[in-house]
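Look at the model first.

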Amino acid sequence: MSTLVIKDLHADVITEEGHKEILKGVNLTVNPGEVHAIMGPNGSGKSTLAYALAGHPKYVITSGSVTLDGVELTGLTVDERARTGLFLAMQYPVEVPGVSVANFLRTAKTALDGQAPKVRTWVKDVERVLAGMDLDKSFAARSVNEGFSGGEKKRHEIAQLELLNPKAAILDETDSGLDIDALKVVAEGVNRYSAQGDRAVMLITHYTRILRYIQPDFVHVFVDGRIVDEGGKELAEKLEVTGYEEYVKAVANA
Amino acid sequence: MPNVVGAIETIESHLHPEPSYDLEKHPMPTGREEIWRFTPVKTFKPLLADGGPAGELDWAGEMPPGVEFKMITTAQARELAVEPPVDRISAIAAQRTRQAAYLHVPAETEISEPIVFIGTGKGGQAAETFVAEFGTHSKATLVLRFEGTAQYACKFDFRIGDGAQINLVYVNDWDDESIHGGQISVEVGRDARVRTVHASMGGRAIRIAERARYKGPGGELEQFGLYFADAGQDVEHRMFVDHNEPNTKSNVDYRGALQGKGAHSVWIGDVLIRKVALGIETYETNKNLVLSEGCQADSVPNLEIETGEILGAGHSSTTGRFDDNQLFYLMSRGITEEEARRLIVHGFFNDIIRRVGVEHIERKLLEQVERELSLVHGTTRTADVA
C-alpha cells in the first residue's frame, strides 16, 4: 500500500532577503493506484510543493505534515525520504559531470535496497528500461544529465522511476519542453509504473496536453500556494478552455 | 584592432621574468615578489640554497626498444634546453645538477609502450636536469613518477619535433615530507600534438613552473592537471603558455580538491599571445573543490593579448564547495550524503581523467584518486567508471 497524505502544509523559500511563505496550507491525499494532476499557473507554488516534499535545502517546511504509508517525512533528510519510497522526477535534472548513468543508477538502487543488485539481472533491467524510453545502450556510459537534450533528461528521469520503482512518485512538469513523440514515450513509462495498481502518482503540470496520454483520477487547481479547486478529468478539460484567470482573480480579490 | 597589431612589442608583464642561468638574476625571494607571493618560501628554503652538486633520485623504469638514453654534461644540457631557468629553484636545480640525463626518441619512431621512469627519493637533497628530444613525426608517451622522500629541485626540458605526437605524464606521489620545486619547459614543434598530464597527490610542498612555447605554426597543446591537497600541504602549478607562433592551439584544464586544515593550492594560468600569433586558439580553466573548512585555493588566470586577430581566447576559474543541487539530486535517489559527496568528487576528477586518452594512465590516475578519497572518507571501495 502506498498512501501519500499531505496535511495543512506550509513552506517557505529561503532567499538572501529572508524567508518567504510559498505554500499556504496544502491538503491532499493520494491513495494507492491513483493519479492526481496538480495544475496551476506559473508562480503558483507547484514546483515548491514538489521540492518541499522531497526536502530541497532551499525550502523549509514551517508547519503541517506529510506521510507516506504512515511514515512522517518532514523530519527526514532527502535521502531518508527517498528510502521511505518517495521519488521526484525533476523539472530541471542536475548535471553530475564524470559520474556515469550506469554508476549513478546502480549506486541509487544499492542505497534504496540496502544491497547491490545482482549483476546479471541488473544490467538487463537497465538496458530494458532505457530501451523502453528510446534511449540507446550507450546512454549508460554518459555522464548524468551532461549534454543531454531536454527530452533525454526527462526520459532519463522516467527511466529512473521505472527502475527504482518507488512507492510514490511526484512528477514535476515532466511534460514541459517535450515534443509530442517524447511526450508519448514518457507518458507510456508513467502509465507502466502506475499500472502496477498500488503506486501513488502526483503529476504536476502547467499544460493539459499530457493528460491526453496519462489519465488522472483527480485534477487539482493550485493557485497561490494552495489547492483552490478539485474535480475529475473534466476539470482539466474546462481549464483547457478557460485557463487559470478566473481562479487567479478570485484569489487576488479574496 | 590594427593599432594593437601595429604596436611595438614590449612584454609589460612582470609575471614572466627574463630566464637566466645566472643565480644573481634570481635573488633569494622574500615572499613578497609577484612570482613568490603564494609560495611558503620558508618551506622551500632547501631548494633555494646555493651549493655544490646535490644528490639524485633512485631511478628505475622501463625503456622500450628504440629509445636512446644517456648522461650528458650540464653544459650540453644548457645547449639543448628550451629556455634557461625562470626562477631561483630552477636555477639552483641547474646549478646543483652533477650530470644531466638525456633521452631521445628518433624521428619517425613510434613507441607504442609508454616510457616509464620512477624516481624515488632517499631522504636527502636532490637536483636534476633532464632533456628529452622527440624527433620529427615520432610518437611516444613518457611517464615520470616521483615517490619517496626528497628535497628535490628539477629543470626539465622537452623538445617536441615537427608533427610529433607526444604524451608527457608527471605523477607526484611523494611521501608526506617531500618538497619538490622546479621548472618543466616544453617546446611544441610545427603541427606537433602534445598532451601533458600532471597529477600532484603527495608531498609536503610542490611548486612547478610549467612552461610551453611553439617552434612553428600549427602546434597543439593540451595540458590536464589534477591535484589533491591534504592538511598542511601546498601544491602550486604555475602555467605559462607562450603563443609565439601563428595558428597554434592550447587548452589547459587543472582541477583540484582540498581537504583539511592548511590545505593550500595555487594555480597560475598565464597565457601570452604575441603579435605574430595570428589565428591562435587558447582556453585555460581551473576548478577547485573545497571539501572542508580551513583550506585555501588561489587561482589566477591571466591573458595578455597583443594581437587582435585570434580565433579564440578565454579562461575560467571556479572555487567552491559541493554544489547543493548536485547533492540534492543524488540524495533524492536515496544515496546518502557521504556517498553523494564521494560520487561528486570522483566525477569531478573522472571528468578530466577520461580526456587523457591513454588507457593505462587513466587507470592509474583513477586508482590514485580512489586512494586519496579513501583517506578522506575512510572507504576503500573500488571506483566504478563504467
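Q: Across which strands does helix H5 (residues 150-164) of chain A lie, and at about what angle does H5 run to E6(A)?
A: This is a predicted model, in which local features need pLDDT of at least 70, side-chain atom pairs count only at pLDDT 80 or more, and totals for chains, interfaces and linings use all residues. Residues are numbered from 1 along each chain as written, with chains lettered from A and ligands numbered from 1 in written order. Helices (H or I, at least four residues) and strands (E, at least two) are DSSP runs numbered from the N terminus, and angles run from 0 to 180 degrees between N-to-C directions of axes fitted to C-alpha atoms, for helices over the stretch in contact. H5 lies across E6 and strand E9 (168-172) of chain A, running to E6(A) at about 165°.

Q: Which strands are the edges of the open sheet?
A: The chain A order is E6-E9-E10-E3-E11-E12, with mixed pairing. Strands pair if DSSP finds at least two bridges between them. Pairing on one side only marks E6 (86-89) and E12 (226-231) of chain A.

Q: In E11(A), what is the bridge partner of A:Met39?
A: Four bridges join E3 (residues 35-39) to E11 (residues 218-223), both of chain A and running parallel. In E11(A), A:Met39 is partnered by A:Val221.

Q: How far apart are the axes of H3(A) and H5(A)?
A: Contact means C-beta atoms, placed from the backbone, within 7 Å. Residues that meet include A:Leu105 in H3(A) and A:Leu163 in H5(A). Helix H3 (residues 101-113) of chain A packs on H5(A) at about 35°, with an axis separation of 11 Å.

Technical notes:
Two residues are in contact if their C-beta atoms, placed from the backbone, lie within 7 Å.
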